[in-house]
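Trainee: I would like to learn how to read strand pairing in a model. Please show me the case here.

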Amino acid sequence: MKDILEELERRREIARLGGGQARIDAQHQRGKLTARERIDLFLDEGSFEEFDMFVEHRSTDFGMDKSRIAGDGVVTGWGTVNGRAVFVFAKDFTVFGGSLSEAHAEKIIKVQDMALKNRAPIIGIYDAGGARIQEGVAALGGYAEVFQRNVLASGVIPQISIIMGPCAGGDVYSPAMTDFIFMVRDTSYMFVTGPDVVKTVTNETVTSEELGGATVHTTRSSIADGAYDNDVDTLLQVRRLIDFLPQSNTSPVPEIECYQSVTDADNSLDTMIPANANKPYDIKELIQKVADEGDFFEIQASFAKNIVCGFGRIEGATVGFVANQPMVLAGVLDSDASRKAARFVRFCDCFNIPIVTFVDVPGFLPGTAQEYGGLIKHGAKLLFAYAEATVPKLTVITRKAFGGAYDVMASKHLRGDLNYAWPTAQIAVMGAKGAVEIIFRKDIADPEKIAAHTKMYEDRFLSPFVAAERGYVDEVIMPHSTRRRLARGLKMLRNKDLSNPWKKHDNIPL
Ligand code: HXC
(Lines give C-alpha, C1' and ligand atoms only; values in the text may rest on other atoms or scores of the structure.)
Protein backbone atom coordinates (compact mmCIF):
# COMPACT_ATOMS: atom_id res chain seq x y z
CA MET A 1 0.00 0.00 0.00
CA LYS A 2 2.79 2.40 0.95
CA ASP A 3 4.45 1.84 -2.42
CA ILE A 4 1.19 2.52 -4.21
CA LEU A 5 0.72 5.79 -2.34
CA GLU A 6 4.29 6.81 -3.05
CA GLU A 7 3.85 6.01 -6.71
CA LEU A 8 0.82 8.33 -6.84
CA GLU A 9 2.80 11.11 -5.18
CA ARG A 10 5.72 10.54 -7.55
CA ARG A 11 3.44 10.75 -10.59
CA ARG A 12 1.78 13.87 -9.20
CA GLU A 13 5.13 15.54 -8.69
CA ILE A 14 6.12 14.84 -12.27
CA ALA A 15 2.78 16.15 -13.54
CA ARG A 16 3.10 19.31 -11.44
CA LEU A 17 6.41 20.07 -13.15
CA GLY A 18 4.65 20.35 -16.53
CA GLY A 19 7.24 21.00 -19.21
CA GLY A 20 10.09 20.83 -16.67
CA GLN A 21 12.05 23.12 -14.38
CA ALA A 22 13.96 24.84 -17.20
CA ARG A 23 10.72 25.96 -18.85
CA ILE A 24 9.25 27.01 -15.50
CA ASP A 25 12.36 29.14 -14.93
CA ALA A 26 12.00 30.65 -18.40
CA GLN A 27 8.38 31.51 -17.59
CA HIS A 28 9.48 33.26 -14.38
CA GLN A 29 12.26 35.11 -16.21
CA ARG A 30 9.60 36.60 -18.49
CA GLY A 31 7.81 37.93 -15.42
CA LYS A 32 5.05 35.33 -15.74
CA LEU A 33 3.74 32.78 -13.27
CA THR A 34 3.06 29.18 -14.21
CA ALA A 35 -0.46 27.84 -14.76
CA ARG A 36 -0.57 26.20 -11.32
CA GLU A 37 0.87 29.26 -9.56
CA ARG A 38 -1.83 31.36 -11.21
CA ILE A 39 -4.62 29.05 -10.13
CA ASP A 40 -3.27 28.89 -6.58
CA LEU A 41 -3.15 32.66 -6.36
CA PHE A 42 -6.56 33.09 -7.93
CA LEU A 43 -8.50 30.64 -5.78
CA ASP A 44 -8.97 30.64 -2.02
CA GLU A 45 -5.96 29.06 -0.38
CA GLY A 46 -6.03 25.27 -0.56
CA SER A 47 -9.39 25.16 -2.36
CA PHE A 48 -8.20 23.91 -5.76
CA GLU A 49 -9.41 20.45 -6.78
CA GLU A 50 -7.64 19.41 -9.94
CA PHE A 51 -9.09 17.16 -12.66
CA ASP A 52 -7.33 15.14 -15.36
CA MET A 53 -3.82 15.69 -14.11
CA PHE A 54 -2.62 12.60 -15.94
CA VAL A 55 -4.32 13.15 -19.28
CA GLU A 56 -1.91 12.89 -22.23
CA HIS A 57 -2.36 13.53 -25.92
CA ARG A 58 -2.92 10.59 -28.26
CA SER A 59 -1.09 11.97 -31.26
CA THR A 60 1.57 9.89 -33.03
CA ASP A 61 2.48 12.10 -36.00
CA PHE A 62 5.76 14.01 -36.21
CA GLY A 63 7.32 11.96 -33.40
CA MET A 64 4.71 13.11 -30.90
CA ASP A 65 4.40 9.54 -29.58
CA LYS A 66 7.80 10.06 -27.98
CA SER A 67 6.82 13.21 -26.15
CA ARG A 68 3.85 12.92 -23.90
CA ILE A 69 3.53 15.14 -20.84
CA ALA A 70 0.98 14.55 -18.10
CA GLY A 71 -1.71 17.25 -18.19
CA ASP A 72 -1.11 18.04 -21.87
CA GLY A 73 -0.72 21.80 -21.53
CA VAL A 74 -3.76 22.79 -19.50
CA VAL A 75 -4.54 22.63 -15.79
CA THR A 76 -8.26 22.28 -14.99
CA GLY A 77 -10.52 21.94 -11.98
CA TRP A 78 -12.56 23.93 -9.51
CA GLY A 79 -12.14 25.82 -6.29
CA THR A 80 -13.61 28.80 -4.49
CA VAL A 81 -13.30 32.58 -4.62
CA ASN A 82 -14.21 34.02 -1.24
CA GLY A 83 -16.09 30.83 -0.52
CA ARG A 84 -18.12 30.59 -3.75
CA ALA A 85 -17.44 27.80 -6.26
CA VAL A 86 -15.84 28.60 -9.62
CA PHE A 87 -14.43 26.37 -12.35
CA VAL A 88 -11.05 27.15 -13.88
CA PHE A 89 -8.71 26.14 -16.65
CA ALA A 90 -5.24 27.57 -17.13
CA LYS A 91 -3.09 26.98 -20.19
CA ASP A 92 0.37 25.71 -19.30
CA PHE A 93 2.84 27.40 -21.64
CA THR A 94 5.63 25.09 -20.47
CA VAL A 95 3.93 22.14 -22.20
CA PHE A 96 3.96 22.40 -26.02
CA GLY A 97 3.52 26.16 -25.66
CA GLY A 98 0.08 25.61 -24.09
CA SER A 99 -1.18 24.61 -27.54
CA LEU A 100 -4.54 22.89 -27.84
CA SER A 101 -4.69 19.20 -28.74
CA GLU A 102 -7.76 16.98 -28.84
CA ALA A 103 -7.07 15.73 -25.30
CA HIS A 104 -6.34 19.27 -24.06
CA ALA A 105 -9.69 20.40 -25.49
CA GLU A 106 -11.48 17.49 -23.78
CA LYS A 107 -10.14 18.69 -20.43
CA ILE A 108 -11.51 22.20 -21.01
CA ILE A 109 -14.83 20.83 -22.25
CA LYS A 110 -15.19 18.77 -19.08
CA VAL A 111 -14.95 21.83 -16.81
CA GLN A 112 -17.16 23.87 -19.12
CA ASP A 113 -19.85 21.17 -18.87
CA MET A 114 -19.47 20.94 -15.11
CA ALA A 115 -19.64 24.72 -14.68
CA LEU A 116 -22.83 24.89 -16.72
CA LYS A 117 -24.43 21.89 -15.03
CA ASN A 118 -23.58 23.19 -11.57
CA ARG A 119 -24.35 26.82 -12.40
CA ALA A 120 -21.03 28.34 -11.37
CA PRO A 121 -18.76 30.85 -13.15
CA ILE A 122 -15.90 29.61 -15.31
CA ILE A 123 -12.57 31.39 -15.66
CA GLY A 124 -10.07 30.62 -18.44
CA ILE A 125 -6.43 31.70 -18.11
CA TYR A 126 -4.60 31.96 -21.44
CA ASP A 127 -0.91 31.67 -22.23
CA ALA A 128 -0.78 29.62 -25.38
CA GLY A 129 0.25 29.23 -28.99
CA GLY A 130 -3.07 28.22 -30.58
CA ALA A 131 -3.89 24.89 -32.21
CA ARG A 132 -1.41 22.04 -31.63
CA ILE A 133 0.00 22.08 -35.12
CA GLN A 134 0.93 18.38 -35.07
CA GLU A 135 -2.71 17.40 -34.47
CA GLY A 136 -4.27 19.18 -37.43
CA VAL A 137 -8.03 18.95 -37.71
CA ALA A 138 -8.39 17.16 -34.36
CA ALA A 139 -7.27 20.41 -32.72
CA LEU A 140 -9.66 22.46 -34.83
CA GLY A 141 -12.52 20.17 -33.82
CA GLY A 142 -11.49 20.58 -30.19
CA TYR A 143 -11.70 24.36 -30.47
CA ALA A 144 -15.16 24.22 -32.03
CA GLU A 145 -16.37 22.02 -29.15
CA VAL A 146 -15.11 24.66 -26.71
CA PHE A 147 -16.73 27.49 -28.70
CA GLN A 148 -20.08 25.70 -28.82
CA ARG A 149 -20.07 25.41 -25.04
CA ASN A 150 -19.14 29.09 -24.64
CA VAL A 151 -22.25 29.99 -26.59
CA LEU A 152 -24.56 27.66 -24.67
CA ALA A 153 -23.24 28.98 -21.36
CA SER A 154 -23.51 32.63 -22.44
CA GLY A 155 -26.08 34.40 -20.28
CA VAL A 156 -26.41 31.37 -18.00
CA ILE A 157 -23.14 31.49 -16.04
CA PRO A 158 -20.52 34.25 -15.96
CA GLN A 159 -17.55 33.40 -18.18
CA ILE A 160 -14.31 35.35 -17.73
CA SER A 161 -11.04 35.16 -19.68
CA ILE A 162 -7.66 36.30 -18.43
CA ILE A 163 -4.89 36.70 -21.00
CA MET A 164 -1.45 36.27 -19.44
CA GLY A 165 0.81 35.51 -22.39
CA PRO A 166 0.33 34.80 -26.07
CA CYS A 167 -3.25 34.19 -27.18
CA ALA A 168 -3.30 33.59 -30.88
CA GLY A 169 -5.14 31.73 -33.63
CA GLY A 170 -7.84 29.44 -32.28
CA ASP A 171 -7.28 30.66 -28.74
CA VAL A 172 -8.79 34.08 -29.33
CA TYR A 173 -12.36 33.11 -30.13
CA SER A 174 -13.29 31.43 -26.90
CA PRO A 175 -12.34 34.51 -24.83
CA ALA A 176 -14.12 36.70 -27.37
CA MET A 177 -17.37 34.90 -26.59
CA THR A 178 -17.00 35.19 -22.83
CA ASP A 179 -18.37 38.06 -20.77
CA PHE A 180 -15.12 39.78 -19.83
CA ILE A 181 -11.49 39.69 -20.96
CA PHE A 182 -8.64 41.00 -18.82
CA MET A 183 -5.02 41.28 -19.94
CA VAL A 184 -1.61 41.73 -18.35
CA ARG A 185 0.32 44.76 -19.61
CA ASP A 186 3.51 44.05 -21.58
CA THR A 187 3.41 40.24 -21.28
CA SER A 188 0.16 39.37 -23.03
CA TYR A 189 -1.15 39.81 -26.55
CA MET A 190 -4.11 38.62 -28.58
CA PHE A 191 -4.47 38.38 -32.34
CA VAL A 192 -5.95 36.10 -34.95
CA THR A 193 -2.76 36.11 -37.02
CA GLY A 194 0.65 37.19 -35.74
CA PRO A 195 3.13 39.78 -37.04
CA ASP A 196 4.76 37.33 -39.51
CA VAL A 197 1.49 36.54 -41.30
CA VAL A 198 0.52 40.21 -41.22
CA LYS A 199 3.82 41.08 -42.93
CA THR A 200 3.26 38.45 -45.62
CA VAL A 201 -0.34 39.34 -46.36
CA THR A 202 -0.52 43.12 -45.92
CA ASN A 203 3.17 44.05 -45.88
CA GLU A 204 2.69 45.88 -42.57
CA THR A 205 5.50 45.68 -40.03
CA VAL A 206 4.20 45.51 -36.48
CA THR A 207 5.35 44.04 -33.19
CA SER A 208 3.16 41.68 -31.17
CA GLU A 209 2.57 44.47 -28.69
CA GLU A 210 1.52 46.92 -31.41
CA LEU A 211 -0.74 44.36 -33.02
CA GLY A 212 -2.49 42.93 -30.00
CA GLY A 213 -1.04 44.15 -26.71
CA ALA A 214 -3.09 45.27 -23.73
CA THR A 215 -2.94 48.93 -24.76
CA VAL A 216 -4.42 48.21 -28.19
CA HIS A 217 -7.21 46.05 -26.83
CA THR A 218 -8.20 48.32 -23.95
CA THR A 219 -8.05 51.64 -25.81
CA ARG A 220 -8.72 50.93 -29.50
CA SER A 221 -10.34 47.59 -30.30
CA SER A 222 -12.28 47.32 -26.99
CA ILE A 223 -11.66 43.58 -27.04
CA ALA A 224 -10.36 43.69 -23.46
CA ASP A 225 -12.29 45.05 -20.49
CA GLY A 226 -9.28 45.93 -18.40
CA ALA A 227 -5.51 45.54 -18.06
CA TYR A 228 -3.22 45.39 -15.06
CA ASP A 229 0.52 45.54 -14.52
CA ASN A 230 1.35 41.96 -13.63
CA ASP A 231 -0.07 38.47 -13.10
CA VAL A 232 -0.69 38.95 -9.38
CA ASP A 233 -2.59 42.22 -9.71
CA THR A 234 -4.67 40.88 -12.60
CA LEU A 235 -5.72 37.75 -10.72
CA LEU A 236 -6.61 39.73 -7.61
CA GLN A 237 -8.70 42.18 -9.62
CA VAL A 238 -10.63 39.36 -11.27
CA ARG A 239 -11.33 37.92 -7.81
CA ARG A 240 -12.70 41.35 -6.93
CA LEU A 241 -14.96 41.30 -9.99
CA ILE A 242 -16.27 37.83 -9.16
CA ASP A 243 -17.36 39.09 -5.75
CA PHE A 244 -19.86 41.36 -7.55
CA LEU A 245 -21.33 38.65 -9.78
CA PRO A 246 -24.06 36.10 -9.16
CA GLN A 247 -23.23 32.43 -9.70
CA SER A 248 -25.69 32.15 -12.60
CA ASN A 249 -28.74 33.69 -14.22
CA THR A 250 -30.96 31.99 -11.65
CA SER A 251 -28.91 32.93 -8.59
CA PRO A 252 -29.49 36.13 -6.63
CA VAL A 253 -26.86 38.87 -6.75
CA PRO A 254 -24.35 38.45 -3.94
CA GLU A 255 -24.94 40.55 -0.87
CA ILE A 256 -22.41 41.61 1.70
CA GLU A 257 -22.65 43.56 4.91
CA CYS A 258 -23.10 47.29 4.23
CA TYR A 259 -21.26 49.44 6.75
CA GLN A 260 -22.17 52.80 5.27
CA SER A 261 -25.44 54.57 6.04
CA VAL A 262 -27.91 54.82 3.19
CA THR A 263 -29.94 57.53 4.90
CA ASP A 264 -27.26 60.17 5.53
CA ALA A 265 -27.55 63.18 3.21
CA ASP A 266 -24.48 63.92 1.12
CA ASN A 267 -24.66 67.70 0.88
CA SER A 268 -21.64 67.88 -1.42
CA LEU A 269 -23.92 66.60 -4.21
CA ASP A 270 -26.04 69.74 -3.99
CA THR A 271 -23.15 71.76 -5.42
CA MET A 272 -21.81 69.17 -7.82
CA ILE A 273 -23.36 70.62 -10.98
CA PRO A 274 -21.46 73.76 -12.09
CA ALA A 275 -23.44 76.97 -12.58
CA ASN A 276 -22.33 77.07 -16.20
CA ALA A 277 -24.12 74.29 -18.10
CA ASN A 278 -21.16 73.84 -20.42
CA LYS A 279 -18.70 73.20 -17.63
CA PRO A 280 -17.79 69.58 -17.02
CA TYR A 281 -17.74 67.68 -13.74
CA ASP A 282 -16.67 64.13 -12.99
CA ILE A 283 -19.60 61.71 -12.97
CA LYS A 284 -17.41 59.10 -11.26
CA GLU A 285 -17.57 61.29 -8.18
CA LEU A 286 -21.33 60.75 -8.09
CA ILE A 287 -20.95 56.99 -8.60
CA GLN A 288 -18.43 56.82 -5.78
CA LYS A 289 -20.68 58.81 -3.47
CA VAL A 290 -23.67 56.61 -4.19
CA ALA A 291 -21.88 53.22 -4.12
CA ASP A 292 -21.18 51.55 -0.77
CA GLU A 293 -17.81 52.76 0.50
CA GLY A 294 -17.06 54.21 -2.94
CA ASP A 295 -16.15 50.73 -4.18
CA PHE A 296 -16.55 50.76 -7.97
CA PHE A 297 -15.22 48.13 -10.39
CA GLU A 298 -15.04 49.88 -13.74
CA ILE A 299 -15.37 47.97 -17.02
CA GLN A 300 -13.53 49.29 -20.10
CA ALA A 301 -12.21 52.31 -18.21
CA SER A 302 -9.84 53.25 -21.06
CA PHE A 303 -12.28 52.92 -23.96
CA ALA A 304 -15.10 55.33 -24.91
CA LYS A 305 -14.50 57.31 -21.75
CA ASN A 306 -17.56 59.44 -22.51
CA ILE A 307 -19.60 56.71 -20.87
CA VAL A 308 -18.75 55.00 -17.59
CA CYS A 309 -19.83 51.43 -16.84
CA GLY A 310 -19.09 49.20 -13.89
CA PHE A 311 -20.22 47.41 -10.79
CA GLY A 312 -20.77 48.70 -7.30
CA ARG A 313 -23.06 47.92 -4.39
CA ILE A 314 -25.92 49.78 -2.79
CA GLU A 315 -26.85 48.61 0.69
CA GLY A 316 -24.66 45.55 0.17
CA ALA A 317 -26.16 44.24 -3.09
CA THR A 318 -24.59 44.51 -6.54
CA VAL A 319 -25.80 47.08 -9.05
CA GLY A 320 -24.50 48.00 -12.50
CA PHE A 321 -23.79 51.70 -13.00
CA VAL A 322 -24.03 53.33 -16.42
CA ALA A 323 -23.28 57.05 -16.58
CA ASN A 324 -22.56 59.67 -19.21
CA GLN A 325 -19.23 61.34 -18.44
CA PRO A 326 -19.36 65.14 -18.96
CA MET A 327 -15.56 65.26 -18.64
CA VAL A 328 -15.08 63.52 -22.02
CA LEU A 329 -16.70 64.89 -25.19
CA ALA A 330 -19.31 66.49 -22.90
CA GLY A 331 -20.71 62.99 -22.30
CA VAL A 332 -22.03 62.69 -25.86
CA LEU A 333 -23.17 59.28 -27.13
CA ASP A 334 -21.13 58.03 -30.07
CA SER A 335 -20.79 54.60 -31.66
CA ASP A 336 -18.12 53.36 -29.26
CA ALA A 337 -19.94 54.56 -26.14
CA SER A 338 -23.19 53.02 -27.35
CA ARG A 339 -21.59 49.63 -28.04
CA LYS A 340 -19.72 49.63 -24.75
CA ALA A 341 -22.77 50.47 -22.65
CA ALA A 342 -25.09 48.17 -24.62
CA ARG A 343 -22.93 45.16 -23.87
CA PHE A 344 -22.74 46.11 -20.22
CA VAL A 345 -26.50 46.63 -19.91
CA ARG A 346 -27.10 43.23 -21.53
CA PHE A 347 -24.68 41.56 -19.12
CA CYS A 348 -26.53 43.07 -16.17
CA ASP A 349 -29.87 42.01 -17.59
CA CYS A 350 -28.66 38.42 -18.20
CA PHE A 351 -27.60 38.11 -14.60
CA ASN A 352 -30.40 40.01 -12.84
CA ILE A 353 -28.18 42.88 -11.76
CA PRO A 354 -30.23 46.10 -11.32
CA ILE A 355 -29.06 49.00 -13.46
CA VAL A 356 -28.57 52.52 -12.09
CA THR A 357 -28.18 55.09 -14.87
CA PHE A 358 -26.91 58.64 -14.39
CA VAL A 359 -27.80 60.86 -17.31
CA ASP A 360 -26.01 63.99 -18.49
CA VAL A 361 -25.99 63.71 -22.26
CA PRO A 362 -26.10 66.44 -24.90
CA GLY A 363 -27.23 63.96 -27.60
CA PHE A 364 -25.65 61.75 -30.23
CA LEU A 365 -22.38 62.90 -31.80
CA PRO A 366 -22.93 64.52 -35.22
CA GLY A 367 -20.57 64.12 -38.17
CA THR A 368 -19.65 62.05 -41.17
CA ALA A 369 -17.20 59.89 -39.24
CA GLN A 370 -19.98 58.77 -36.93
CA GLU A 371 -22.64 58.37 -39.59
CA TYR A 372 -20.33 56.46 -41.95
CA GLY A 373 -19.25 54.34 -39.00
CA GLY A 374 -22.80 53.18 -38.37
CA LEU A 375 -23.89 55.43 -35.51
CA ILE A 376 -27.52 54.60 -36.24
CA LYS A 377 -26.93 50.90 -35.76
CA HIS A 378 -24.57 51.28 -32.80
CA GLY A 379 -26.85 53.78 -31.06
CA ALA A 380 -29.72 51.35 -31.63
CA LYS A 381 -27.77 48.70 -29.73
CA LEU A 382 -27.94 50.73 -26.54
CA LEU A 383 -31.57 51.63 -27.15
CA PHE A 384 -32.37 47.96 -27.75
CA ALA A 385 -30.42 46.81 -24.71
CA TYR A 386 -32.19 49.17 -22.33
CA ALA A 387 -35.59 48.51 -23.89
CA GLU A 388 -35.36 44.73 -23.62
CA ALA A 389 -33.87 44.75 -20.10
CA THR A 390 -36.32 43.53 -17.46
CA VAL A 391 -34.11 44.03 -14.40
CA PRO A 392 -34.86 46.95 -12.07
CA LYS A 393 -33.89 50.14 -13.90
CA LEU A 394 -33.34 53.32 -11.89
CA THR A 395 -32.42 56.53 -13.64
CA VAL A 396 -31.25 59.89 -12.34
CA ILE A 397 -30.98 62.80 -14.75
CA THR A 398 -28.40 65.15 -13.26
CA ARG A 399 -28.23 67.73 -16.02
CA LYS A 400 -28.74 67.40 -19.78
CA ALA A 401 -31.04 64.82 -21.31
CA PHE A 402 -31.34 65.98 -24.88
CA GLY A 403 -32.89 64.47 -27.98
CA GLY A 404 -32.75 60.79 -28.81
CA ALA A 405 -30.21 60.28 -26.08
CA TYR A 406 -32.92 61.21 -23.53
CA ASP A 407 -35.01 58.33 -24.82
CA VAL A 408 -32.09 55.90 -24.94
CA MET A 409 -30.68 56.43 -21.46
CA ALA A 410 -33.15 54.24 -19.54
CA SER A 411 -36.02 56.71 -19.92
CA LYS A 412 -39.47 56.11 -18.47
CA HIS A 413 -40.67 55.18 -21.94
CA LEU A 414 -38.25 52.22 -22.03
CA ARG A 415 -39.85 50.78 -18.90
CA GLY A 416 -37.65 52.66 -16.46
CA ASP A 417 -38.90 51.70 -13.00
CA LEU A 418 -37.86 54.81 -11.11
CA ASN A 419 -36.88 57.89 -13.06
CA TYR A 420 -35.62 60.76 -10.99
CA ALA A 421 -34.28 64.16 -11.99
CA TRP A 422 -32.18 66.60 -10.04
CA PRO A 423 -33.51 70.20 -10.05
CA THR A 424 -30.58 71.00 -12.36
CA ALA A 425 -31.93 68.64 -15.06
CA GLN A 426 -32.62 69.97 -18.53
CA ILE A 427 -34.88 67.63 -20.45
CA ALA A 428 -35.47 68.84 -24.00
CA VAL A 429 -35.14 68.06 -27.68
CA MET A 430 -31.91 70.07 -27.79
CA GLY A 431 -29.99 72.90 -26.12
CA ALA A 432 -31.26 76.49 -26.29
CA LYS A 433 -28.86 77.77 -28.96
CA GLY A 434 -29.61 75.09 -31.51
CA ALA A 435 -33.34 75.18 -30.81
CA VAL A 436 -33.68 78.97 -31.17
CA GLU A 437 -31.62 79.04 -34.37
CA ILE A 438 -34.05 76.59 -35.93
CA ILE A 439 -37.44 77.71 -34.71
CA PHE A 440 -36.67 81.45 -34.89
CA ARG A 441 -34.51 81.39 -38.00
CA LYS A 442 -36.26 84.50 -39.37
CA ASP A 443 -34.94 86.52 -36.38
CA ILE A 444 -31.38 85.28 -36.67
CA ALA A 445 -30.03 88.73 -37.62
CA ASP A 446 -31.61 90.39 -34.57
CA PRO A 447 -29.55 89.63 -31.44
CA GLU A 448 -32.13 91.18 -29.12
CA LYS A 449 -34.93 89.00 -30.37
CA ILE A 450 -32.69 85.93 -30.32
CA ALA A 451 -31.74 86.67 -26.71
CA ALA A 452 -35.42 86.99 -25.76
CA HIS A 453 -36.32 83.74 -27.53
CA THR A 454 -33.39 81.98 -25.88
CA LYS A 455 -34.47 83.15 -22.43
CA MET A 456 -38.01 82.00 -23.09
CA TYR A 457 -36.80 78.58 -24.31
CA GLU A 458 -34.47 78.14 -21.34
CA ASP A 459 -37.18 79.06 -18.83
CA ARG A 460 -39.72 76.76 -20.39
CA PHE A 461 -37.71 73.74 -21.49
CA LEU A 462 -34.35 73.63 -19.73
CA SER A 463 -35.70 72.26 -16.49
CA PRO A 464 -37.01 68.94 -15.22
CA PHE A 465 -40.51 70.26 -14.75
CA VAL A 466 -41.97 69.86 -18.23
CA ALA A 467 -41.10 66.16 -18.04
CA ALA A 468 -42.26 65.99 -14.42
CA GLU A 469 -45.62 67.52 -15.36
CA ARG A 470 -46.15 64.59 -17.71
CA GLY A 471 -44.92 61.93 -15.30
CA TYR A 472 -41.86 61.18 -17.46
CA VAL A 473 -39.82 61.65 -14.32
CA ASP A 474 -41.36 60.21 -11.19
CA GLU A 475 -39.93 62.83 -8.90
CA VAL A 476 -37.56 65.77 -8.88
CA ILE A 477 -35.20 64.91 -6.03
CA MET A 478 -32.63 66.73 -3.96
CA PRO A 479 -29.15 65.68 -5.08
CA HIS A 480 -28.13 65.05 -1.46
CA SER A 481 -30.81 62.36 -1.14
CA THR A 482 -29.71 60.35 -4.20
CA ARG A 483 -28.17 57.40 -2.35
CA ARG A 484 -31.14 57.09 -0.01
CA ARG A 485 -33.64 57.31 -2.87
CA LEU A 486 -31.83 54.67 -4.88
CA ALA A 487 -31.40 52.34 -1.91
CA ARG A 488 -35.11 52.54 -1.08
CA GLY A 489 -36.05 52.11 -4.71
CA LEU A 490 -33.86 49.05 -5.10
CA LYS A 491 -35.45 47.52 -2.03
CA MET A 492 -38.95 48.20 -3.35
CA LEU A 493 -38.00 46.64 -6.71
CA ARG A 494 -36.60 43.42 -5.26
CA ASN A 495 -39.66 41.44 -6.26
CA LYS A 496 -40.01 43.04 -9.68
CA ASP A 497 -41.64 40.55 -12.04
CA LEU A 498 -41.47 41.45 -15.70
CA SER A 499 -40.81 39.32 -18.74
CA ASN A 500 -40.72 39.91 -22.46
CA PRO A 501 -42.93 38.04 -24.96
CA TRP A 502 -41.71 34.53 -25.79
CA LYS A 503 -39.29 34.44 -28.68
CA LYS A 504 -36.52 32.15 -29.89
CA HIS A 505 -34.15 35.05 -29.46
CA ASP A 506 -34.24 38.70 -30.38
CA ASN A 507 -32.50 40.27 -33.33
CA ILE A 508 -30.46 43.06 -31.77
CA PRO A 509 -28.76 45.15 -34.48
CA LEU A 510 -25.21 43.77 -34.51
C1 HXC B 1 2.67 22.98 -31.20
C2 HXC B 1 3.74 24.75 -30.25
C3 HXC B 1 2.77 25.65 -30.74
C4 HXC B 1 1.70 25.11 -31.51
C5 HXC B 1 4.22 26.79 -29.65
N6 HXC B 1 4.62 25.51 -29.59
N7 HXC B 1 3.08 26.89 -30.37
N8 HXC B 1 3.68 23.44 -30.48
N9 HXC B 1 1.69 23.78 -31.70
N10 HXC B 1 0.73 25.89 -31.98
C11 HXC B 1 5.79 24.99 -28.92
C12 HXC B 1 7.05 25.43 -29.63
O13 HXC B 1 7.34 24.53 -30.67
C14 HXC B 1 8.08 25.34 -28.51
O15 HXC B 1 8.42 24.00 -28.31
C16 HXC B 1 7.27 25.76 -27.29
O17 HXC B 1 5.88 25.59 -27.65
C18 HXC B 1 7.48 27.21 -26.93
O19 HXC B 1 7.30 28.00 -28.09
P20 HXC B 1 8.36 29.09 -28.55
O21 HXC B 1 8.07 29.39 -29.97
O22 HXC B 1 9.76 28.66 -28.21
O23 HXC B 1 8.00 30.30 -27.59
P24 HXC B 1 7.96 31.83 -27.91
O25 HXC B 1 9.23 32.25 -28.61
O26 HXC B 1 7.64 32.50 -26.64
O27 HXC B 1 6.77 32.05 -28.93
C28 HXC B 1 5.45 31.78 -28.52
C29 HXC B 1 4.52 31.83 -29.74
C30 HXC B 1 5.12 30.91 -30.86
C31 HXC B 1 4.44 33.27 -30.23
C32 HXC B 1 3.15 31.39 -29.28
O33 HXC B 1 5.39 29.64 -30.28
C34 HXC B 1 4.19 30.75 -31.99
O35 HXC B 1 4.09 31.61 -32.87
N36 HXC B 1 3.52 29.59 -32.06
C37 HXC B 1 2.70 29.25 -33.16
C38 HXC B 1 1.44 30.08 -33.17
C39 HXC B 1 0.53 29.60 -34.22
O40 HXC B 1 0.68 29.89 -35.40
N41 HXC B 1 -0.45 28.74 -33.83
C42 HXC B 1 -1.35 28.09 -34.68
C43 HXC B 1 -2.45 29.09 -34.97
S44 HXC B 1 -3.59 28.46 -36.08
P45 HXC B 1 9.93 23.59 -28.03
O46 HXC B 1 9.84 22.11 -27.78
O47 HXC B 1 10.69 23.92 -29.25
O48 HXC B 1 10.35 24.38 -26.86
C49 HXC B 1 -4.87 28.14 -35.11
C50 HXC B 1 -6.05 27.77 -35.90
C51 HXC B 1 -7.22 27.40 -35.03
O52 HXC B 1 -4.81 28.21 -33.93
C53 HXC B 1 -8.47 28.02 -35.57
C54 HXC B 1 -9.68 27.57 -34.79
C55 HXC B 1 -10.78 28.52 -35.03
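Trainee: Which residue stands opposite A401 in β15?

Mentor: Two strands pair if DSSP finds at least two bridges between them. Here A401 stands opposite I427 of β15. Strands β13 and β15 (residues 426-428) are parallel and share three bridges. Strands are DSSP runs of E with at least two residues, helices are runs of H or I with at least four, and both are numbered from the N terminus. This is a predicted model, in which local features need pLDDT of at least 70 and side-chain atom pairs count only at pLDDT 80 or more, while totals for chains, interfaces and linings use all residues. Residues are numbered from 1 along each chain as its sequence is written.

Trainee: How many bridges join β12 to β13?

Mentor: Six, and strand β12 (residues 355-361) runs parallel to β13. V361 faces A401 of β13.

Trainee: What about β13 and β14, and which way does the chain cross between them?

Mentor: β13 pairs with β14 (residues 418-421) in parallel over four bridges, and A421 of β14 is the bridge partner of I397. A crossover is right-handed if, with the strands pointing away from the viewer, the path from the first strand over the helix to the second runs clockwise. From β13 the chain passes through helix α15 (residues 403-408) to β14, a right-handed β-α-β crossover.

Trainee: Is strand β13 mostly covered or exposed?

Mentor: A residue is buried if 20 or more other C-beta atoms, placed from the backbone, lie within 10 Å of its own, exposed if 12 or fewer, and partly exposed in between. β13 (residues 393-402) is mostly covered, with ten of its ten residues buried.
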